Amino acid sequence: MADVSPVATKVAATPPPLALVIFGASGDLTARKILPALAELANRGRLNERFCVIGVARTEWSDEEFQQVALKADATGGSAWAELVGCFRYVPGEYASSETFDRLKQILGEADEKLGTAGNRVYYLATIPEVFALVAEALAKEGCNQPGEGGDFVRLVVEKPYGRDLASALELDAQVHRAFDEQQIFRIDHYLGKETVQNVLALRFANAIFEPIWNRRYVDQVQITVAESIGVEHRGGFYETAGALRDIVQNHVMQVLALTMMEPPTWMDAEHIRDEKVKLLRAIDIPSPDEAVDKAVRGQYSAGVVDHVPVVGYREEDGVDPSSEIETYVALRMHVDNWRWAGVPVYVRTGKRLPARVTEIAMMFHEVPFLAFEGALSRELRPNVLVLRIQPHEGISLHFGAKVPGEAFRVQSVSMDFGYEQAIHETGMDGYTRLLFDAMSGDPTLFIRTDEVEQAWRIVDPYLDAWSEPGGGLHFYNAGTWGPHIASLLLERSGNAWRDPSL
Ligand code: BG6
């Protein structure tokens, strides 16, 4: 796998010297994702010796308090990390105040002088999205969008959600672009950091046997499932402003779909891969709000049982409005209008409090043109399916027909499985770890370009418009089930059905 990864061949052991500044340093994302990812890099020896972290947030912490939080973020207790956190600094303050930035600049200067961070900066926006533009503009106003003395680069890493709809994403982009050039902006989608998502590229373009059948002549339909058994957990407040379409479909699903269905890039590098993804996204049909109603189902979980444990409904979750109309489930029927995929439906579903945590892409092939077996003997036979399992049990399965031993010529579906864990013993980095490493190393391949974000919003905007009316076609489903019953109608009209991911 390492040999065919799009960027593996040019990866240096460590990023160059730099200072990483985390805005939103006292927040949940920093503690749960960013600091553990940095700890993993430190403990693997993948950080430059000339490196430091500076946290910025409104919470009144001292350097020591931030260092304690950083120390705790490493569950493994690695010595490299424990040693490193001693130099971490913290700047408490308002994001709009020049005092905050004066202090930050002073500390950055000290880091360059004492720790040799060489004027290079990576700013990570891990704040609430409402202040992304404010921080980016403040950085520019204070001259922090330029490297320090002798430095080569300044980069801005931006978390999702990048906008709430097309209009706000365009506005945010305009504001961020006033402060930073596109080449400096690294928009994160942690799905692209997952090894199995990158493996879609290896499967398609490092093998001769799949690409010839990767088109409408052989593929009958594509089903993409991003199912979670968890609810909104402690993020009720955030989720109330998002919903499943914004939280998962606009970003993770669109990225996975684009990698799976795009044309082969001329070369596996950032610009060529992203060019092909955009081209594919541009081929996805954009429904009118009326058509959108017909092509989508939105649901919300009510109380139910998940993994034998009774759980509350979405409206009873902390931070959620008891009459909330936010969707926790979405199913869509989409089409990619191009030569390769015309007429192949792409069914997408995602939801919280579904029976299992499963992310998969199922390429479902046509039935055989004629089945020369008696009905009773072939009842257990299903058309071929190639399942790319993103998580859990990362791997690939091919479902095909085989004869059941015995004198009657009975056929049934069986599967041939490739499991990452069993087949490849190297462990990759966690998604965030990989993405942080790439951002610090200056490799934008696994980050989202401005035209991708824009097009993804163009695709989902009509659904948001269609659902903006009170009631908005919201259907309820019991926690622990596969979503509202009506979601199966999206497929039944074409004689199709949702795949059972446990098969
Ligand atoms: C995040 C969403 O982007 O992805 C969460 O905001 C979701 O709501 C998470 O739970 C899922 O990520 P993963 O890696 O667990 O599939």
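Let's start at the ligand: a polar side-chain atom of His190 sits 2.8 Å from one of the ligand's oxygen atoms. For a polar contact, I mean a pair of N or O atoms within 3.5 Å; within protein, one must be able to donate a hydrogen and the other to accept it, and residues adjacent in sequence count only if both atoms are side-chain atoms. Asp247 also reaches in, with a side-chain N or O atom 2.6 Å from a ligand oxygen. For Arg357, the distance from a side-chain N or O atom to a ligand oxygen is 3.1 Å. On its own, the ligand exposes 390 Å², and the protein buries 83% of that. Those areas are Shrake-Rupley values with a 1.4 Å probe; for residues, only the protein chains shown count as cover.

A word on the model. It is predicted, so to speak of a local feature I need pLDDT of at least 70, and side-chain atom pairs count only at pLDDT 80 or more, while totals for chains, interfaces and linings use all residues. Numbering runs from 1 along each chain as its sequence is written, and side-chain values use heavy atoms, with hydrogens and water left out.

Back to the ligand. Its shell includes Lys160, Tyr191, Lys194, Glu228, Arg235 and Gln391; a residue is near if one of its heavy atoms lies within 4 Å. By class, the shell has seven charged, three polar and one nonpolar. Here Ala, Val, Leu, Ile, Met, Phe, Trp, Tyr, Cys and Pro are nonpolar, Asp, Glu, Lys and Arg are charged, and the others, Gly among them, are polar.

Lys160 is joined to Pro161 by a cis peptide bond, omega about 0 degrees. Pro161 is in the loop between strand S5 (154–158) and helix H6 (166–179). Helices (H or I, at least four residues) and strands (E, at least two) are DSSP runs, numbered from the N terminus. Gln391 to Pro392 is also cis, with omega near -15 degrees. Pro392 falls in the loop between strands S14 (385–391) and S15 (395–403).

A cavity is a set of points, on a 1 Å grid over the protein atoms alone, where a 1.4 Å probe fits but cannot get out; lining residues have an atom within 4 Å of a point. Points are joined across faces, edges and corners, and a volume is the space filled by probe spheres set on them.

The largest cavity holds about 150 Å³. It has 15 lining residues, with Tyr162, Gln250, Asn251, Ile448 and Val453 nearest its centre. Helices H9 (244–261) and H15 (450–466) each supply at least two. Where does it lie? Between domain 1 (18–187) and domain 2 (192–365 + 448–492), because both give residues to the lining. Those bounds come from an automatic or database domain assignment.

The second largest cavity holds about 60 Å³. Its lining includes Leu192, Val197, Leu259 and Lys277. Helices H7 (195–205) and H10 (270–283) give two or more residues each. H7 gives the most, three. The lining splits into six nonpolar, two polar and one charged.

Definitions and conventions. On a 1 Å grid over the protein atoms alone, a cavity is a set of points where a 1.4 Å probe fits but cannot get out, and a pocket is an open set with protein on both sides within 12 Å along at least five of seven lines; lining residues have an atom within 4 Å of a point.
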